[in-house]
Structure formats: C-alpha cells, structure tokens
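Student: Hi! Could you walk me through this one?
Tutor: Happy to, let's take a look together.

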Amino acid sequence: MAEFLTTIDKRKILHVDLDAFYAQIEMRDQPELRSKPLIIARDPTQNNGHGVVATANYVARQLGIHSAMSAFEAKRLAPNGIFLSPNFPKYKVVSAQIHDIFRRFTTKVEPVAFDEAYLDVTENILSGATLAAEIRHQILKETQLTSSIGVSHNKLLAKLGSEYNKPNGVTVIDHENQLQFLDYLPISAFRGVGKKTKEKFDELGIENGLDLRQMSQETLKTEFGKMGERLYWQARGVHFGAVEWQRQRQSIGKEETFDHALHDNNAVQIEFKKLVSSLIMSLKRQKLIGRTLNIKIRDDQFNTITRAITQDAPWQLNEATLVMASQATFEDNIGTEFSVRLLGVSMSNLQSATFEEMSLF
Ligand SMILES: [Mg+2]
C-alpha cells in the first residue's frame, strides 16, 4: 500500500468550465443585461410559478439565486430580475465552438456538458498552466466568453481547482500544494457531499478537508459506506480515473435488409420511420446526441451509397425531422425507379446530452 501511495501521478489534466454559461452568452449579446440580475428560466409569472433556474449571472447569485432553484423562489429573491427562457439552439452553437478549441490542444477530451470538459494534455510539451492560459485566451478571443480552469494531475483535483477560482480564474494544484489546498476546502466542496451527507458531517464536527483526512478509513466506511471510502481518497487527492475521451462509440446506427426489395417511396418512408425510431431509442438510452446523420442505401445489385448531413449543432432527436431528412436524401440520390435491398440510418459526431438537452427529447 505504501508503494502505491508514493507513486507520483505524472499526468497533466485540465478541467475547463465556462462561467455561468447561458447567462454569459445572453449578456454578451445584450450588454445592458450585465448590471441586472439575470436568471435563465421561464418567467414564473407567465408560467404558473413552475420552472427551474438553469443558471444565473453573478449579480443574481449575490442575491442567493442558484441553478436548480425554482423560478418562483428566484422571483421572490429578485422581483426586478430579468427572466430569459433558455435558447438552446444558440448555446449549442457556442458549445461546438468551445469543444473545437479543446481539440486543438489534445485529442483526449471528455465532454461533461455543453460548457465543460476534462482534457488530458500529458503528451503536450507545454506546462498545464501555460495550456490553461492559452485555452482561456482562445475561448475569450473567439467567443468573448470567460472560463475557469483547474490544472492538476488528476480529474478530481482539476475539477476542484476550476470551482475554486470561479469565475474567470485558473487554479494549479500540484503534488507540493495539494494537501494544503484540500485541507482548507469546506467539506461541502468534496465530490458527492450533498445536503444529507453534509448534515452528518456537521454532527461529527467535520468542517474541512483537514478534519476529513484525520478520520480513519474504517470510521468513514461505517458512517458513509462506499461514499466514505471515496472521501478517504479524495481527502488525500488520490484519483486514478482516466479522461474518457474514447468512451463514446464512433456512431450509433440501425440498418435493415429486406427480403423483398422496396420499389416505392412510401415503402421507403415506412422503413425510415422504423429505423429512426429505434435509433432515437438507442441514443436516448445512452444519453447521446450527434451532429451527423448518415444514410445508407443499397440496391439489389449491391451498389451502396452513403450520405452524411452534418449540422453545426446536434440534431434534435425528433422522429419527423430525422425521417424527413433521410427521405429527402434518398429522393435526391435515387431516381424514381429503384430496387432497394437495404436501408440504414446512423448518428455520428456524438456527444453526451446534458440534462437540459434531455428535456428537449
Ligand atoms: Mg459552467
């Protein structure tokens, strides 16, 4: 065990996170909003008090408003606040721009959300701090948006680092300063410490990382189960999880071979509907969305054509939209007389769907 602990983790990991992403985009596009409390949520007065805050600018945050709070409560805290409904198509375009910037620095990018990713830059000869500065510079130059970055040797510390100096900051956590950093961290900042766990720690008199580190592995296990085990290692800055840049498959698709060749557009459309609906189910199950729709057509002479339609923003997982695009591609590429043996639809350029996008499904 001792040897395990003294192994020096030589990786260079960044966690990049845009600051109040949706709100920042809206303020960029309407600078007069900068000085006002801006809440990205549907106005509860026009929505029977329903709705949840997606994000809020820092003016609103100073009034106690935070994401996941009910829009009604936000309205109570900021009666004169500006409520804007989220404009996901706009945010998706900016998100694609940002993720393109990440990929200039490494192929090892693990997207976490629209505005957030882990980057493994170990193979880059520049230091993590230099790369963080350059990434922040390029994001600002190309999107006029600020970001925060944590630089360290593992994902845990990189994430804690990006949160620590938010907004518009960089935190570098290395082997020399990691324990000092963790010791001062309030217990609620550790991964997985929610309201209930925090209450339990309050009862135990555990306030920060130093207190946590002084708890034995056994006590933590007894009190918190598996979570306790993870917290034991978190307090020591140990985390071996890899940046999962290859986690996603290259594409997800469905295809069907027909015993009896299809000869008319109607039959083709019916098959596209089946394929698209099953494709949408697979994507939803894996919480994925994609920017490229691929259509494959094979005739009874085994001639195969494939066509790809790539958009700037991911395709909406809407059956009618995807069937229409597939059918139009088919008709553009195949004459009026045909004998089709196989049809396929697939989605590539995949990314994980965030919570907000899931609600669009
Ligand atoms: Mg963010």
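**A chat about the model**

Tutor: Glu-255 is partly exposed, at 45% relative accessible area (between buried, under 20%, and exposed, over 50%, with a 1.4 Å probe and protein chains only). This is a predicted model, where local features need pLDDT of at least 70, side-chain atom pairs count only at pLDDT 80 or more, and totals for chains, interfaces and linings use all residues. Residues are numbered from 1 along each chain as its sequence is written, and side-chain values use heavy atoms, leaving out hydrogens and water.

Student: Where is Glu-255 found?
Tutor: Glu-255 sits in strand S9, residues 251–262 (strands are DSSP runs of E, at least two residues, and helices are runs of H or I, at least four, numbered from the N terminus).

Student: And which side chain does Glu-255 join in a polar contact?
Tutor: That of Lys-296, at 3.0 Å. A polar contact is a pair of N or O atoms within 3.5 Å; within protein, one must be able to donate a hydrogen and the other to accept it, and residues adjacent in sequence count only if both atoms are side-chain atoms.

Student: New topic: how is the chain divided?
Tutor: Into domain 1 (2–19 + 90–234), domain 2 (21–87) and domain 3 (251–358), with bounds from an automatic or database domain assignment. The C-alpha centres of domains 2 and 3 lie 38 Å apart.

Student: What about H2 and H5, at what angle do they pack?
Tutor: Helix H2 (residues 21–29) and helix H5 (residues 88–102) pack at about 100°, their axes 11 Å apart. Axes are lines fitted to C-alpha atoms over the stretch in contact (heavy atoms within 4.5 Å), and angles run from 0 to 180 degrees between N-to-C directions. H2 and H5 are therefore roughly perpendicular, a label for 65 to 115 degrees.

Technical notes:
Angles under 35 degrees count as roughly parallel, over 145 as roughly antiparallel, 65 to 115 as roughly perpendicular and the rest as oblique.
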